[in-house]
Amino acid sequence: MVTAHAGDSAAEAVSSEAARRRQSMHPISRSAGTELRRQAGAAGARSRGGVGEEIEERDLGRMRRRFGGGGDRGGGLGVWGGRLAAATAGWLGAGLVGVYGEQTAQEISQEVEEKAQSWNMVIVITLLGVCIFCTYLLLSSKLKWVKYLPESVVTIILGIAAGSFLAVSGQTLSNLITFDPQTFFIYLLPPIIFESGYSLHKGNFFINLGSILLFAVFGTLISTVFVALGAYFLGQVGISYPLTMLDSLTFGSLISATDPVATLAIFHALDVNPTLYMLVFGESVLNDAVAVVLFRTCLSFYEREHESWMAAVMQFINVSIFSGVVGVIVSLFSALVFKLTKLYQHPSLEMALMFIFAYLPYLLAEALNLSGIMAILFCGIVMSHYTHYNLSPATQMTAAQSFRSMAFMAETAIFAYMGLSLPTLTHRWHVGFIISSMGLILLGRALNIFPIAFLINRYSEPGTVQLNKKEQFIMWFSGLRGAIAFSLVLNLQSHSLTAVSPETKSVLVTTTLVVVLATVFVFGGGTAPLLELLLSPEKKSQEQGRDVHVSKTTEFGAPLRKEDTWEEYEACADDERSSSIPMPRNVRRVAGFERFDQLYLVPIFRVTESDRPPGDMEGETDGCEMAALSDKDSN
């Protein structure tokens, strides 16, 4: 009893003394005390480890010094009381302080971090919602000058306002959200590229495929080389920021990606020449994929993957071809799956599998060291031609609207992030490089458009595409820079390249951001007035009173129409047989492929009436009614 009483007294004395010293300790001393308590807990753990060992004297001495040395002042019983107190402290330290204290701190830290991330996501989602609602207000406005504002301009302005508020409040963009390049390339860019291919008017695209390839491939190469050489030589003479030749080529490739969304919306709204519309749209679709492949080819030189430029050219060609092959194979396989199964009886499963097949070629091509952007583009084109017609009517409408909505959300997120980046990120400004880059981009665009248009006009057959001076100027004016260029430069910034200094990466990011914002504001906002100025008087009289918006959401109609394919070429063939004027070679070529497609490919990859009896599709009636209502609304 005496021993227990002495032990209790010693424990109480130790506890009171420890509490008094913790109150008077400096924060640094408290940290040391925490470490000693941890060691005491470890000592207690050793004492109950099952081996029957007594607490080591050095641990006991350390604990006596920590708790005031009461064991030395208490005589023999004090020694045993001190040891009992030390053992109790070891048990409690291990059980409460050593375990529960550390777990509680860790859990509290995780909980605080999770709450902060949740609030950050609330702010980001709210910003996207505000951008979408402002787009609705833009579309509903009756003011003419407001309708001339592209959606991207409104989104960037809102992003700048939100970023300015963050900057004033002392926050940084990294505290709110961080979009690493993998987020851009895996989650944001694939929906944009796939929707571009899925909504493509295949008839006009393939009729003008030769001209589109000239502008998209050779034009992009011309622009890349011109911008790269200009940036390099201007940097060497001290006018611009000094770059190496490889840095200049990398910058030239990423800044050559165009994004004429506002221009295409106005084209559709004003019903301009369909050939001009398809040339600009087709060039932009293929230009994105070509720019991405060029950019990655330049990055491979930093990593010493090529010994010569010829090897790089061969890689560019191989990646482009085999990436397209991957996309075509996946899309044809998806067409067979939807044709040979009865997934149309389960629209939810059908739509879910449609999403899987749309995203699969991107990941597969990236896993094979190919271009996911090129693969998903061709996948979208082929799926819209075969797979789309194997879906139930309800899923056809759902797929078209879902892909368009996803692409719109992705574009809105990227442009909002651009606006947020301007006032919040740490920028490296070089005025000479920014001004010279703008001049080089405009000149490179001119060297791209006007010489190629001259060659097309000179060597094309009579009755085919002919671009007059006004249309050539409109094509030059439509060379906006947008989401692709910004995503590529962020990829360069985060890439582990020791050959590119952090300062150079910062300069390239800032310059690209300014170029994108300038082209979107100046060229995107000036497209509608320019087109109205260049329209002929007859065209102006036809467009008077028409409600025009610079909006992809409003102006882009239904992405797919069956009458765009076989029937129009049959009509062309009938006209040729009944007329003495021969059909142009490119139209004959496309009509020949359409005939081959209808005779051999469509029976294999598209569903026929015999494959699906009318009464076999549950819920098809509702889907047909919805599709008919949608067509009525669009008309």
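## Close-ups of salt bridges, rings and a kinked helix

The structure holds 4 salt bridges. Keep in mind that this is a predicted model.

**View 1. Glutamate 283 and arginine 445 meet in a salt bridge.** The closest N and O atoms sit 2.8 Å apart. Glutamate 283 belongs to helix α14 (residues 274-302) and arginine 445 to helix α19 (residues 431-459), so this contact ties together parts that are 162 residues apart in sequence. Are these two residues buried or exposed? Both glutamate 283 and arginine 445 are buried.

**View 2. Arginine 296 pairs with glutamate 366 in another salt bridge.** Here the closest N and O atoms are 2.9 Å apart. The bridge links distant parts of the chain, with arginine 296 in helix α14 and glutamate 366 in helix α16 (residues 347-367), 70 residues apart. Arginine 296 counts as partly exposed because its relative accessibility is 27%, and glutamate 366, at 25%, is partly exposed too.

**View 3. Arginine 428 and glutamate 503 join side chains in a salt bridge.** The N to O distance is 2.7 Å. Once again distant parts of the chain are linked: arginine 428 is in the loop between α18 and α19, while glutamate 503 is in helix α22, 75 residues apart. How exposed are the two partners? Arginine 428 is partly exposed, at 41% relative accessibility, and glutamate 503 is partly exposed at 35%.

**View 4. Helix α22 has a kink at threonine 527.** Helix α22 covers residues 502-534, which makes 33 residues. From first C-alpha to last, helix α22 reaches 45 Å, close to the 48 Å expected at 1.5 Å a residue. So where is the kink in α22? Look at threonine 527, shortly before proline 529, for a kink of about 45 degrees.

**View 5. Phenylalanine 133 and tyrosine 136 make a tilted aromatic pair.** The count for the model comes to 21 aromatic pairs. In the pair of phenylalanine 133 and tyrosine 136, the rings are 5.8 Å centre to centre, with 40 degrees between the planes. The two residues are 3 apart in helix α5 (residues 75-140), so about one helical turn separates phenylalanine 133 from tyrosine 136. Phenylalanine 133 is partly exposed, with a relative accessible area of 48%, and tyrosine 136 is partly exposed at 48% relative accessibility.

**View 6. Tyrosine 386 and phenylalanine 605 form a tilted aromatic pair.** Centre to centre, the rings are 5.6 Å apart, and their planes make an angle of 55 degrees. This pair links distant parts of the chain: tyrosine 386 lies in the loop between α17 (372-385) and α18 (393-424), and phenylalanine 605 lies in helix α26 (residues 585-605), 219 residues apart. Buried or exposed, then? Tyrosine 386 is buried, and phenylalanine 605 is too.

**View 7. Phe194, Tyr198, Phe355 and Phe403 gather in a cluster.** Ring pairs are what link these residues.

Notes
Residues numbered from 1 in each chain as written. Predicted model: local features only at pLDDT ≥ 70, side-chain atom pairs only at ≥ 80, totals over all residues. Heavy atoms only, no water. Phe/Tyr/Trp six-rings, centres within 6.5 Å; stacked < 30°, edge-to-face > 60°. Helix = DSSP H or I, 4+ residues; strand = E, 2+ residues; numbered from the N terminus. Buried < 20%, exposed > 50% of the residue type's maximum accessible area, 1.4 Å probe, protein only. Expected span 1.5 Å × (residues − 1). Bend = angle between axes of the 7 residues up to and from the residue.
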